[in-house]
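I opened the notebook to look up a few residues and one set of strands, and the entries below keep to that.

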Amino acid sequence: MKLLVDVEDEKHEVEISREGERLTARVNDREYNLDLSEPEPNVFLLKNDGQVFEVFASLDAATPNHYRVKVGNSEIEATVIDSKRLRGSAAGAEDASGKAEIKTAMPGKVVRILKSVGDTVEKGDGVIVVEAMKMQNEMKSPKDGIIQDIRVAENDTVSTGDVLVVIE
């Protein structure tokens, strides 16, 4: 999963891949191979070269995609931007015709379906919630339209790139 992360007005390219408890994170040009566990919600243990880091991460409910992260005595605030959403939002309204598909960026589980087939949605409306890496992600409509097809049900397991919802 590729992300753009804004920390104190500095943007960082982050690419994350996970296989079981093994996490590979590339931040700008540096790569980290970590063992990851989550002993309790929002608390992560990252192991790297014999060192263990306890990380507390919480989503700021008032600001979408804004996190407070504490590692040891350091605390940072970060805004996470999914790079695929960035590319999708760069297209103007003139590209808003035709079908749009909401796809998963990584494997996960469908937690909630917020809309039904036939519902009218506006660009940015929440449509479906998928849990991946123990985080719930509300996936939003990329355009104004009508829900034509919902291809999953709540509690379904989904793979990277699966089409979840079609909007026309």
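I worked on a predicted model, in which local features need pLDDT of at least 70 and side-chain atom pairs count only at pLDDT 80 or more, while totals for chains, interfaces and linings use all residues. Residues are numbered from 1 along each chain as its sequence is written, and side-chain values use heavy atoms, with hydrogens and water left out.

I looked up His12 and found it in strand β2, residues 10-19 (strands are DSSP E runs of at least two residues, numbered from the N terminus). Its side chain makes a polar contact with the side chain of Asn28 at 2.9 Å (a pair of N or O atoms within 3.5 Å; within protein, one must be able to donate a hydrogen and the other to accept it, and residues adjacent in sequence count only if both atoms are side-chain atoms).

I then turned to Asn33, which lies in strand β4, residues 30-40, and is partly exposed at a relative accessible area of 34% (between buried, under 20%, and exposed, over 50%, with a 1.4 Å probe and protein chains only). The side chain of Asn33 makes a polar contact with that of Thr24 at 3.1 Å, and the C-alpha atoms of Asn33 and Leu23, 10 residues apart along the chain, are separated by 6.0 Å.

Last, I traced an open sheet of four strands in the order β9-β16-β14-β11, with antiparallel pairing (two strands pair if DSSP finds at least two bridges between them). β9 (100-103) and β11 (120-121) stand at the edges with a single partner strand each, so one side of each has no neighbour in the sheet. I noted that β14 (residues 145-150) and β16 (residues 163-167) pair over three bridges, and that Ile147 stands opposite Ile167 in β16.
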